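Morning, everyone. I have one model to walk through today. Let me put it on the screen.

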Amino acid sequence: MAALPYKDPTEDLSRFFQLYDSLQREAASLSADRQSLYEARDDHTRLAHELRKTKTAMAINKDYIKEQKDRIELVSTHWFYGSTIYQPQLWFRGGCTGKIERAKVKLAKAEEDRPKLEQIEASLHRREMAANELVRGREAAYGRASDAAKEAKQMKEELVLKHPSNHLNHLEQHEAALRRDIAEENHRKVQLDKIGSVLKDASGCCVSVESLTRSAEKKMRDADHLAKQVVTLSLPDSGSTTTRSLNGGGKEVIKTGSLRHGGSFRDYRKYDAEGNVVLTNRPCPNGCGYVLTWNASYCCTVCCNKQGRRHGGKCERVRVSSQSGAQELWSHLENQREEQARKVEKMRREASSDMDDANRQLQSGSDFLRQAAANLSGSSGGPMPGFSNHGCCTGTPVSCCSVSAQASQLRLQADQLQSNVKNQESVLFQLRREYDRERRRLDQELKQTRSQIVDEKNRIFDALRASAMQQHVNGSHYDPPPATAPHTPPVATATVISVLPEDCVSGSVLGEKV
């Protein structure tokens, strides 16, 4: 397509519209050219696929012919394949001679199909080449029509740009203002999304406070329960046991073995004739310095009730030092107590750590809520309702005498914080609805404004075309050139174009002010 021969498209409107109409006629076939191009491409693709299938069939036919020839030669000359001694499958099928005859029949059929395939390939190749040339031709036609449509559109835009009306200027300014408003609304949408994310984080902090305080309470309860348990001597099941009978029907049982944390133990028990324990070397769990005798758990019942501060009359008061191996068992019992104390201390530390984490989560949630409230206030132009900034939402640690009381207080603060978060989420929901309504309004107004701009440009263009027609009626000389012919500047006349819209901006038409 030739370039525009007019640097100023308004110097001769008659010639301008002749060129424009010529381009429009050339571009009128754009849709038909596009459809014919798609059809030509589909036909070319189909033929190319059929050609590939035919070439594949020819390659298979060639290999099949070679295979049959090789088989005939092999059976005819090879010492193994040319004999039926080692090929029992051929005994009832005519032997090697029958195998050769069958191969010759297959070879003749393949060689008979070969010319047909070559003929089909040649035909498809010619059709594929013709289809390819057709595609190129239709691509060129479509390209010319597309270039003509683009050039005609460019000419129209340049002409209207040189003769804008006040109404068109107003519409374009209004369109620019609408685009700015939409950009601001998009920025507002981003801010609302950020606020929603902050509120979601604040709500997550409230859930974390609930979880952490529940965990701290459970760990503290478990620690208190473990601390109240009396440590009893626990010996390994493995070891060797020795039993010795006593005069009068009693017996002694001695068990020896290795302790889990190192060292060895000697567990001694003495039974009477009735099988009751009368003496052991196991120390009393209360740490009173006596060993267990007739009582299976303590040195006596009074020691059990008084935690080793007093003993009853039935207490035999057998010292730990008087029994062999009792001191080692006492040391093992002390180790068990220390291990229990370490477990209790660890559980309490974990409970305290969970409470600290709950406090930090509550503080973070409060910070998130204040940030969201401040952003919402900025988005709406005023303070937001439903936000409370009192001390119960600051997340500061409380001073209570027990973990349970602290946990209850933190959960109360978290519930109030969650309530404030829901209030802010409600406000955010209303702002998002307002954004959606405003954005829909702006999009609709922008669409209408664009439509009005197009209509106004068409009105201006039609008015200029009427001016060109009036110019021709009034006797202006013009020689209609083809679309690609070189341009000869026309002779200017003093005709006034009276059909232009009244609100068009003044412009130079044929050298005279309008």
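Predicted model: local features only at pLDDT ≥ 70, side-chain atom pairs only at ≥ 80, totals over all residues.

Everything I quote is computed from it.

The layout, then. The protein chain has seven helices and six strands. Walk along the sequence and the order is α-α-α-α-β-β-β-β-α-α-α-β-β. The chain has 514 residues, and 36% of them count as buried. Now take contacts between residues at least 6 apart in sequence. Of those, 69% join residues at least 24 apart.

Next, a helix pair. Look at H1, residues 13-27, and H3, residues 95-162. Their axes come within 8 Å and cross at roughly 150 degrees. The crossing is left-handed. Which residues make the contact? On the H1 side, we have Leu 13, Phe 16, Phe 17, Leu 19, Tyr 20, Leu 23, Gln 24, Glu 26 and Ala 27. On the H3 side, the list includes Ala 145, Ala 148, Ala 149 and Ala 152. Met 155 and Leu 159 of H3 take part as well. So do Arg 144, Glu 151 and Lys 156 of H3. Sort the residues of this contact by type and you get 13 nonpolar, one polar and four charged.

On to salt bridges. How many does the structure hold? The count is 29. I'll show you three.

Start with Arg 46 and Glu 50. Their side chains meet in a salt bridge, 3.3 Å from N to O. Both residues lie in helix H2, residues 30-77. They are four residues apart, about one turn of the helix. Arg 46 is partly exposed, at 38% relative accessibility. Glu 50 is partly exposed too, at 27%.

Now move to helix H4, residues 166-228. Arg 214 and Glu 217 both sit there, three residues apart, again about one turn. They form a salt bridge, with the closest N and O atoms 3.9 Å apart. Are the two partners buried or exposed? Arg 214 is partly exposed, at 45% relative accessibility. Glu 217 has 9%, and buried means under 20%, so Glu 217 counts as buried.

Glu 217 has another partner. Its side chain meets that of Arg 411 in a salt bridge, 3.2 Å from N to O. What does this pair tie together? Glu 217 lies in H4 and Arg 411 in H7, residues 403-473, so the bridge links parts that are 194 residues apart in sequence. Both Glu 217 and Arg 411 are buried. Step back and there is a network here: salt bridges link Glu 210, Arg 214, Glu 217 and Arg 411.

Last stop, Thr 280. You'll find Thr 280 in strand E4, residues 277-280. Thr 280 has 4% relative accessibility, so it counts as buried. What lies close to its side-chain polar atoms? The backbone nitrogen of Arg 282 lies 3.3 Å from a polar atom of the Thr 280 side chain. The backbone oxygen of Leu 292 lies 2.5 Å from a polar atom of that side chain. Leave out residues up to four places away in sequence, and Thr 280 touches Tyr 268, Arg 269, Val 291, Leu 292, Thr 293 and Gln 323.

That's the tour. Over to you for questions.

Key:
Residues numbered from 1 in each chain as written. Heavy atoms only, no water. Axes fitted to C-alpha atoms, helices over the stretch in contact; angles between N-to-C directions. Helix = DSSP H or I, 4+ residues; strand = E, 2+ residues; numbered from the N terminus. Left-handed = near helix turned anticlockwise from the far one by under 90°. Contact = heavy atoms within 4.5 Å. Nonpolar A, V, L, I, M, F, W, Y, C, P; charged D, E, K, R; others polar. Salt bridge = Lys/Arg side-chain N within 4 Å of Asp/Glu carboxyl O. Buried < 20%, exposed > 50% of the residue type's maximum accessible area, 1.4 Å probe, protein only. Polar contact = N/O pair within 3.5 Å; in protein donor to acceptor, adjacent residues only side chain to side chain.
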